[in-house]
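Please find below some notes on the model you sent. They are set out as numbered points, to be read with the structure open.

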Amino acid sequence: MRVLACDGIHPEGLALFRQAGWEVEESEAIKDPKVLAARLAEMDAVLVRSATPVPAAALAGATRLKVIGRAGAGVDTIDVEAATARGIAVMNAPDGNTLAAAEHALALLFALARHVPRADAGMKQGDWPKAGLTGFELEGKRLGVIGLGRIGSTVARKAQGIGMEVAAYDPFLPPAAAGKGSVPLMGLDELLAWADVVTLHIPRTRETTHLLNEERLRRMKPGAFLVNAARGGLVDEAALLSLLDDGHIAGAALDTFATEPLPKDSPLRNHPRLILTPHLGASTGEAQQAVSTILARQIIDYVATGAVAGCVNLPPLTPEVAREIGPWMPLMTALGKLAARMVPAPVKLHLSYAGRTDGLDTRPLTRLLVAALLGSASGRVTPVNALQEAAARGLEVAETVGGDGDGFDRLLRLRVEGGGRVREIEATLHRGPRVVRLDGVELDFDPQAHLLLMRNEDRPGVIGLVGSHLGAAGINIVNFSLGATGDGGAVAAITVDRPVPEQQLLALRAIPGIVSMEQP
Ligand SMILES: NC(=O)C1=CN([C@@H]2O[C@H](COP(=O)(O)OP(=O)(O)OC[C@H]3O[C@@H](n4cnc5c(N)ncnc54)[C@H](O)[C@@H]3O)[C@@H](O)[C@H]2O)C=CC1
Ligand SMILES: O=C(O)CCC(=O)C(=O)O
């Protein structure tokens, strides 16, 4: 396994990759998608912070890539839609830098209130710049928090600790979370008109871009302050400059910008009532160590066991559940491949998980089977894009859980329709992964093995001829499982030690009494 670590990922996470046997390549920020694409063609995972964007163009040839890891919270620099369509998981580690980002927002708040940067700059120039730098006290002032998630709620709690009155706007908070906190919620316009200082803690998305446009900024209290340590683009920078100029907004502190790094000639750089930091929110030793190790563990576990944590395009799957369903995983892949060969253009798939189903999370298993079923035909299908691909290719997927396991602890019944045919497979893990019934006939074979499926007339001598023919061709029979169809015929699953060449198949089909011979 190979991982490309861009943008200065903390060494502790990289050490975890090495300990797990991964090869680690480190790189400066890569801005050109073509250059990144060339590097990603040979990688199983890539790690980025905010400097290396991962657009669709960078993923064009990334056929090996399993995970894009964001060592932090915001995934706005990654084309998650394009990654999902290519079956690539996108993971982040938002818990690792919550405190750092919240403390930085508060640092900016204090710096604004007491003109710390201007005082420092004046002192360094040999001045004693006391006059004109009278500030204001934060205790008793109103803080309006936009986005009451991890960072916003941490900022709110700490601001309450210094005696600020705090309210928030967050229309997406789950009702339980919204009701139990000590931070009252308001509408956006109400909050803007109420607060002495507004601080942003939301992701950048299509919907939140320019959330604070000129009209909204003007709804802020005259003389209010603004802090943005969330994302550039949430605030219309040109509008902010004009409101600072006309004095409606008294001051602002920005850690994030629409274009990063901020262009040298940006007018933001020259405004006396703007405090600027170069996207430092997550830049503490503790946060960088935390995000890199959290992310490394998530990626290593995902690739090794299928456990899913911190993934923005796959539902979570705890290590315990991954362990519980782990033995099923290779079976699901083998069954998906077998079903794909039996029904090359499937239109309907029904999976029924029967027997003991407690503790069995069937969703990742279904995704795995669908990925194998569709992946054999074309393109790259993984559990990440399996259901999306199924919908796009017109495959209807349904599953039921529970019901009689027919004497087995756990039994999977698979029904695939396509091309006017219906095929049914029943499989279990009892005494190893095995198929126990095929199209209603009792058999017993390992679906992962090289396989011949034979229909024949149920009369003496036919099987002997098949055995002799395979033997003469140097092909060893590993297992021969035979079942009667009840209409004078029989079905056999013959597992062999190697693939059977086409000409041998033709010869086998020509044996008298053979109705069909498939190598699925
Ligand atoms: N400056 C820096 O270095 C850092 C910046 N960040 C930024 O902070 C953002 C927030 O991070 P977390 O708190 O960890 O995320 P989070 O997901 O815990 O919280 C985001 C909150 O915003 C709310 N939200 C979403 N859209 C909204 C809208 N239109 N209006 C109001 N609320 C909305 C959500 O309901 C959620 O409660 C990240 O997406 C990232 O962009 C995060 C870490 C470091
Ligand atoms: O990696 C960084 O320095 C920035 C972190 C950040 O913006 C985030 O986690 O969203």
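1. Helices here are DSSP runs of H or I with at least four residues, numbered from the N terminus. On that basis α6 gives the most to the shell around ligand 1, with 3 residues. The model is a predicted one, and the points below should be read as such.

2. The shell around ligand 1 holds 33 residues, of which Gly-74, Gly-147, Gly-149, Phe-172 and Gly-281 come nearest. Two elements give two or more residues to this shell, namely α4 (98–114) and α6 (150–161). Sorted by class, the shell has 15 nonpolar, 12 polar and 6 charged residues.

3. The chain is assigned four domains: domain 1 (2–96 + 286–317), domain 2 (98–276), domain 3 (326–448) and domain 4 (449–520).

4. Ligand 2 is surrounded by Arg-49, Ser-50, Gly-72, Ala-73, Gly-74, Asn-97, His-279, Gly-281, Ala-282 and Ser-283. By class, this shell has 2 nonpolar, 7 polar and 1 charged residues. Gly-74 and Gly-281 deserve a look in both sites: they belong to the surroundings of ligand 2 and are among the residues that come nearest to ligand 1.

5. An open sheet is formed by 5 strands with parallel pairing, in the order β2-β1-β3-β4-β5. β2 (23–27) and β5 (89–92) are at the edges with a single partner strand each, so one side of each has no neighbour in the sheet. From one strand to the next the twist averages 20 degrees. Within this sheet, strand β1 (residues 2–6) pairs with strand β3 (residues 45–48) in the parallel sense over 3 bridges. Val-3 has Ala-45 in β3 as its bridge partner.

6. Thr-259 is placed in the loop between β10 (249–254) and β11 (274–276).

7. The C-alpha centres of domain 1 and domain 4 lie 48 Å apart.

8. Which strands pair with β20? Strand β18 (residues 450–457) pairs with strand β20 (residues 489–496) in the antiparallel sense over 8 bridges. Strand β19 (residues 477–484) also runs antiparallel to β20 and is joined to it by 7 bridges. Val-496 in β20 is the bridge partner of His-450, and Ile-477 stands opposite Val-496 as well.

Conventions. Residues numbered from 1 in each chain as written. Chains lettered and ligands numbered in written order. Predicted model: local features only at pLDDT ≥ 70, side-chain atom pairs only at ≥ 80, totals over all residues. Near = placed C-beta within 6 Å. Nonpolar A, V, L, I, M, F, W, Y, C, P; charged D, E, K, R; others polar. Pairing = 2+ DSSP bridges. Domains from an automatic or database assignment. Axes fitted to C-alpha atoms, helices over the stretch in contact; angles between N-to-C directions.
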